[in-house]
Amino acid sequence: MNLGVSIQYIGERMIRLVSKTRSKAGRIRNRLGSVLPILLTGLLVSFLAWGASYLFGLFRYVPAVRIRGVFSGDLFWKIAPQYVLIITTFVLGVLVGTWYFVYRPNRETVQGYWQQVPTWLQATTIGFVGASLLTLTLVVIQTYWLVSDLSVLFTLLISWPVITGIFVLRSRCIVDDDCDRSTSIRIGYLHARGLESRTMSVIVGSLFAVLGGFVTWLTSIRVADWDSVLLATSVALLLWILVTVLVYNRYDAQTSELTDLTISDINQPDNRKTWEMAIKNESNETIDLSLAKIRDTKFDLYQFGVDTDLGPGAVCTFNAPEEFRLAPTDDSWELPLGYTLKQGSDTPVILTQTGKMYALQRDGVEAVGGDIPGSTGANHSDMTDSSESNSHTGQDSGTDPSPQD
């Protein structure tokens with residue numbers, strides 16, 4: 001009798017334990033959500049790699065990682081080959097799981113969201129990822145060939161501003177068969193300076209800070225025969241703040257928006273999804289619009305496509321796609337400490353190849369046959385795959401400009 005009661009008691013405890021375990025597993029699954037399959041993929045890949053290495057004796061091919069002080073050279077941390085293999089394969093498994101469970105089924109959504117992210121944030125992210133991969137590659141090479149820790153640190157610090165700057169510059173370059181590469185890079189720099197003055201200032205400040213810090217450190221160990229990391233760091237920080245502020249103020253002073261160009265007419269032809277905007281030169285000087293770009297009030301950038309010199313009082317026609325925003329936009333990104341970053345403007349802006357910015361005023365102009373593009377009730381989206389416009393003064397090419405931002 002006692003034996004039966006004991007068995008029944010043990011069975012009830014086991015049932016309760018299984019029930020509690022399933023309940024906790026369900027709560028963990030609900031909290032982790034889509035992260036759980038990714039983590040499980042990483043654990044599975046690392047477990048299989050460790051098992052295969054243990055069975056076939058592959059650990060001798062995995063190097064041990066020794067992390068030393070950059071300036072002192074003392075051993076800071078040693079990671080055994082087994083742990084190096086587990087960490088590396090886990091990271092690779094997480095990347096594979098992220099691609100399979102997150103990116104692959106939501107590819108269009110992710111790409112659409114990425115296209116809506118501001119250029120400065122895209123460049124910063126790509127710069128960080130690129131710098132991390134480049135530094136990680138050097139760390140792996142360091143285990144087999146002689147690469148100094150100082151070179152790895154220098155690569156980490158210098159690669160972020162370089163990669164970020166290349167991305168910003170490349171996104172602003174002109175896509176035109178008639179424009180040579182050097183001219184496109186120069187114009188791309190002028191456009192980046194006008195549109196991304198904050199990002200460009202941080203990039204230039206970072207380059208000066210890294211170079212200034214390393215020069216200070218090398219000078220201190222050669223001249224004074226002492227290794228001053230604190231001095232080099234202080235000089236780098238002061239240089240970054242000083243150069244960033246000076247460059248930003250200089251860019252900001254040179255990129256003031258002019259009001260010499262105005263929108264004189266807006267209409268939408270029948271059976272077409274493009275807007276025709278007539279732009280008039282209200283100044284007494286000729287304005288070169290070749291290789292210019294135009295940014296709408298949503299901060300989306302398009303190739304202007306008007307290759308002409310617009311004389312005083314002259315008018316040219318710009319074919320804007322349906323997605324082109326003309327109405328004032330007050331969108332902004334909320335930042336910490338109560339700061340906001342504007343993601344919209346009151347008027348579209350034209351950027352010429354000389355770096356001048358013209359704010360397009362539209363006082364008294366209304367759309368013919370519909371709302372002004374981008375206004376409340378207008379049919380629009382934030383993405384377009386339209387081709388580049390080839391419209392000229394007084395001519396209608398029938399094609400749309402391509403989005404650049």
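**A predicted chain, from totals to details**

Buried residues make up 38% of the 405 residues in the protein chain. Buried means under 20% relative accessible area, exposed means over 50%, and partly exposed lies in between (1.4 Å probe, protein chains only). This is a predicted model, where local features need pLDDT of at least 70, side-chain atom pairs count only at pLDDT 80 or more, and totals for chains, interfaces and linings use all residues. Residues are numbered from 1 along each chain as its sequence is written, and side-chain values use heavy atoms, with hydrogens and water left out.

The protein chain has 9 helices and 15 strands. These are DSSP runs, numbered from the N terminus: helices are H or I with at least four residues, strands are E with at least two. Take the contacts with a separation of 6 or more: 64% of them join residues 24 or more positions apart. A contact means heavy atoms within 4.5 Å. The accessible surface of the chain is about 24200 Å², and 61% of it belongs to carbon and sulfur atoms. Areas come from the Shrake-Rupley method with a 1.4 Å probe; for residues, only the protein chains shown count as cover.

Now the sheet. Strands of a sheet pair through backbone hydrogen bonds, either parallel or antiparallel. Here 5 strands form an open sheet in the order S3-S14-S13-S7-S8, with mixed pairing. Strand S3 (257-258) and strand S8 (301-303) stand at the edges with a single partner strand each, so one side of each is left without a neighbour in the sheet. Two strands count as paired if DSSP finds at least two bridges between them. Strands S13 (residues 349-351) and S14 (residues 357-359) pair in the antiparallel sense over 3 bridges. Val-349 stands opposite Ala-359 in S14.

Next, two loops. Most residues other than glycine have a negative phi. Leu-291 is not a glycine, yet has a positive phi of about 60 degrees. Leu-291 is found between strand S6 (287-288) and strand S7 (293-295). Phe-299, also not a glycine, has a positive phi of about 70 degrees. Phe-299 is in the loop between S7 and S8. Leu-291 counts as buried because its relative accessibility is 19%. Phe-299 counts as buried at 19% relative accessibility.

Finally, the surface. A nonpolar patch of about 1300 Å² includes Trp-50, Phe-56, Ile-87 and Leu-95. Patch residues have over 30% relative accessible area and no salt bridge; like charges are joined within 9 Å, nonpolar side chains (Val, Leu, Ile, Met, Phe, Trp, Tyr) within 5 Å. A salt bridge puts a side-chain nitrogen of Lys or Arg within 4 Å of a carboxyl oxygen of Asp or Glu. Helix H2 (35-56) and helix H3 (81-103) each supply at least two patch residues. H3 gives the largest share, 6 residues. Leu-95 lies in H3 and counts as exposed at 55% relative accessibility.
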